[in-house]
Amino acid sequence: MKHNDLWISIRELFHPYRKNIWIISIVMLITSGGSFLTPWLTKQLIDIGIIKMDFSLAMQYVGLIFLVFLIQQIFGVVQFHYYKEVSVRVPYDLNNRACKHVLSIRTKFFKDRNFSVVMSELFQDIANISSLTDTQFLTSFVNLFKIFAGMAALFYINWKLTLVMIATIPIKMLISSLLYKKQVEIYKIIMRLQSHFSAWLGDAISGIVEIKVWGIIGNRITKLKVNLEESKNAKSKLMFYGYVDNLSSSFMTIMFTCALYLYGAWLIQKNEISIGGLVAFISYSSLVFEPISIISYLITQLSSVKPAFERFLRFIGTDAEIDKPDAVELSDSTPINEIKFENVSLAYDHEKALDQVNFTIQQGEKVAIIGLNGSGKSSIVNLLLRFYEPTEGSIKINDNDIREYTFESYRSVWSLMAQDNYLFNDTVANNINISDELTMKGISESCKKSGAYSFIQELPDKMDTRVGYNGAKLSGGQKQKIALARTLARNNTKILLLDEATSSYDYYSEQIFNEELLLSSRYTMTIIITHRSELLKRLDKIIYLHGGKVVGIGNFDELYTSQESFRDMITATQKEEKQNAIYAF
Ligand SMILES: Nc1ncnc2c1ncn2[C@@H]1O[C@H](COP(=O)(O)OP(=O)(O)OP(=O)(O)O)[C@@H](O)[C@H]1O
């Protein structure tokens with residue numbers, strides 16, 4: 001990110017709060033006027049009130065100093081009120097923006113990333129960017145004003161002393177800008193290491209069973225130690241540069257103050273400045289030095305904000321699911337006559353998973369997609385639900401490319417049961433009724449259809465039993481039955497798509513569900529990914545895949561007679577089915 005782009009992004013971030021920032025700045029300008037008044041009042045107090053021993057004037061100046069302080073505090077309350085809103089709203093806006101993007105981002109983004117890394121990076125970046133809500137940053141131009149106004153006052157008091165002070169400023173600025181470059185580099189390293197740490201933690205939690213069973217705790221800890229060691233070194237380097245920055249500031253200040261006292265004493269002897277004048281000069285000089293230190297601190301702060309902003313904008317800029325400008329709604333009343341794959345290919349990371357796939361599914365058909373592991377079945381599901389887009393070719397509904405429809409209306413016609421289903425850490429009923437549209441009767445009916453009803457009745461709180469994180473408190477088969485009940489409960493859909501929906505079912509539960517499925521005419525089309533020969537025999541059509549290509553389309557008998565590999569696969573599956581039936585008995 002170039003420096004200019006960073007400023008543009010910062011300006012956009014604070015644009016909604018420009019009114020607040022103006023008010024805060026004006027209030028700060030007024031209060032800093034008070035800061036300029038106080039040293040002058042102090043000078044008068046010393047030169048007239050104390051040295052000339054005029055007690056009544058001294059009282060007046062003390063009263064004025066207190067009044068200025070009081071006015072400053074009242075303005076401080078106004079400033080706090082407007083500052084508070086910016087400070088609270090900016091992280092809120094960033095969180096809101098990030099979370100909306102998480103939900104609209106293309107599904108493939110999360111296939112390559114560990115979710116704990118995404119989460120930790122977002123938290124870090126939002127916290128770093130939000131540190132800009134620091135008033136000092138928002139009102140940095142007030143500090144510039146303070147520097148110039150302070151300089152004018154100093155010149156007025158004594159131009160010779162002012163020149164001594166000005167000489168130190170470029171040295172301080174040069175040191176800060178050199179340190180800034182180093183600090184940006186180290187922040188980038190720290191952010192990368194933090195992401196590795198989050199990935200480690202995410203894998204350790206998700207893979208805890210594997211780590212324990214394989215006895216690789218030591219191995220994992222060794223990998224963590226390398227990361228922590230690098231992180232420790234980077235942080236100590238950062239601390240070192242911070243220390244150098246502070247040290248250089250302190251040196252500059254003390255050297256300047258000593259020079260000021262020595263030169264000031266000489267000027268007092270020569271009657272070129274009064275004692276009060278020297279005290280006022282030292283007070284004004286701190287009014288100039290303070291904003292210079294603040295600006296150099298802001299430069300350091302930008303060194304952590306810049307890489308965080310870069311990464312946040314990269315995340316916000318990742319491919320989201322955005323409807324085409326002329327996308328139309330796939331209305332509820334539109335009948336789905338056919339789905340057509342026309343020369344469809346799909347490549348993940350340049351490797352083709354589907355290659356020139358062609359098939360049509362007609363209204364009323366119940367169709368199976370089959371093939372060995374890795375043949376491309378789930379890739380077809382990914383394309384049908386628009387989680388991915390074809391690299392070549394097109395998928396059509398009633399002769400219209402599915403990309404012509406809005407994502408939401410297009411997906412609303414599908415009831416999908418994917419291979420991996422997520423159960424929310426909520427009750428059984430809420431996991432089925434995720435769109436809040438169902439009655440308890442509707443929930444129970446879909447549970448009966450999926451075969452979940454009987455085991456739910458035995459749960460401690462029946463439908464109100466909490467299932468744990470991703471259904472951790474349920475068995476694999478029970479989880480699948482609840483997920484299938486959820487799929488079957490979705491209202492107003494037209495196409496049922498089951499990807500190995502009953503793979504964890506026991507033999508008899510599966511038989512009962514399949515029988516219901518074959519008799520049901522609830523959906524316009526049913527697409528099933530399954531290897532169960534009993535089911536395949538009774539479906540209208542089978543699309544047989546091998547190595548990402550369609551190698552046969554037909555009913556069971558047609559494929560069985562024409563395709564040797566299909567026969568082999570069915571024979572192997574039938575043996576397994578017989579075994580399962582014996583065990584179930
Ligand atoms: N997100 C991905 N990124 C990269 N390659 C992928 C991705 N998903 C699948 N693949 C690859 O695409 C090919 C087809 O995978 P797909 O999941 O569609 O097969 P499948 O027929 O559903 O397999 P299975 O029966 O094992 O579920 C495989 O070679 C797989 O390695």
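1. D436 sits in the loop between α14 (428-432) and α15 (440-450). Helices here are DSSP runs of H or I with at least four residues, strands are runs of E with at least two, and both are numbered from the N terminus. D436 has a positive phi of about 60° although it is not a glycine. Most residues other than glycine have a negative phi. D436 counts as exposed because 6 other C-beta atoms lie within 10 Å. The scale behind that word is as follows: a residue is buried if 20 or more other C-beta atoms lie within 10 Å of its own, exposed if 12 or fewer, and partly exposed in between, with C-beta atoms placed from the backbone.

2. Some notes on the basis of these points. The model is predicted, so local features need pLDDT of at least 70 and side-chain atom pairs count only at pLDDT 80 or more, while totals for chains, interfaces and linings use all residues. Residues are numbered from 1 along each chain as its sequence is written.

3. The overall form comes next. The protein chain has 21 helices and 10 strands. Its radius of gyration is 36 Å, well over the 25 Å that the globule rule gives for 585 residues, so the chain is more spread out than a compact globule. The radius is taken over C-alpha atoms, and the rule is 2.2 Å times the number of residues to the power 0.38. Along the principal axes, the C-alpha atoms fill a box of roughly 115 × 50 × 50 Å. Buried residues make up 29% of the 585 residues.

4. Contacts are counted between residues whose C-beta atoms, placed from the backbone, lie within 7 Å. Among contacts in the protein chain between residues at least 6 apart in sequence, 79% join residues at least 24 apart.

5. UniProt, in an unreviewed entry, places the feature "transmembrane region" at several spans, including residues 61-83 and 200-218. UniProt positions are in the numbering used here, feature names are shortened, and annotations may be inferred rather than shown by experiment. Residues 61-83 are 100% helix and 0% strand, with end C-alpha atoms 32 Å apart. Residues 200-218 are 79% helix and 0% strand, and there the end C-alpha atoms are 14 Å apart.

6. Y17 lies in the loop between α1 (3-14) and α2 (18-50). Y17 counts as buried because it has 20 C-beta neighbours inside 10 Å. Leaving aside its neighbours within four places in sequence, Y17 is in contact with V86 and R89. Y17 and Y82 are 65 residues apart in sequence and 9.4 Å apart in space, C-alpha to C-alpha.

7. An open sheet is formed by 4 strands in the order β2-β1-β4-β5, with antiparallel pairing. Two strands pair if DSSP finds at least two bridges between them. The edge strands, each pairing on one side only, are β2 (351-362) and β5 (400-401). Strand β1 (residues 338-348) is joined to β2 by 8 bridges, and E338 has Q362 as its bridge partner in β2. N343 lies in strand β1 and has a positive phi of about 50° although it is not a glycine. N343 is exposed, with 12 other C-beta atoms within 10 Å.

8. Strand β8 (residues 525-529) is largely enclosed by the rest of the structure, because 5 of its 5 residues are buried. M525, I527 and I529 point one way from β8, and T526 and I528 the other way. In a regular strand the side chains alternate between the two faces of the sheet. Strand β3 (residues 366-371) runs parallel to β8 and is joined to it by 4 bridges, with K366 partnered by T526. Strand β7 (residues 495-499) also pairs with β8 in the parallel sense, over 5 bridges, and I495 stands opposite M525.

9. L518 is in helix α18 (residues 507-519). L518 is partly exposed, with 13 other C-beta atoms within 10 Å. L518 and C258 are 260 residues apart in sequence and 94 Å apart in space, C-alpha to C-alpha.

10. The residues around the ligand include K111, Y348, D349 and K377. By class, the shell has 2 nonpolar, 7 polar and 3 charged residues. Ala, Val, Leu, Ile, Met, Phe, Trp, Tyr, Cys and Pro count as nonpolar, Asp, Glu, Lys and Arg as charged, and the others, Gly among them, as polar.

Methods. A residue is near a molecule or strand if its C-beta atom, placed from the backbone, lies within 6 Å of it. Two residues are in contact if their C-beta atoms, placed from the backbone, lie within 7 Å.
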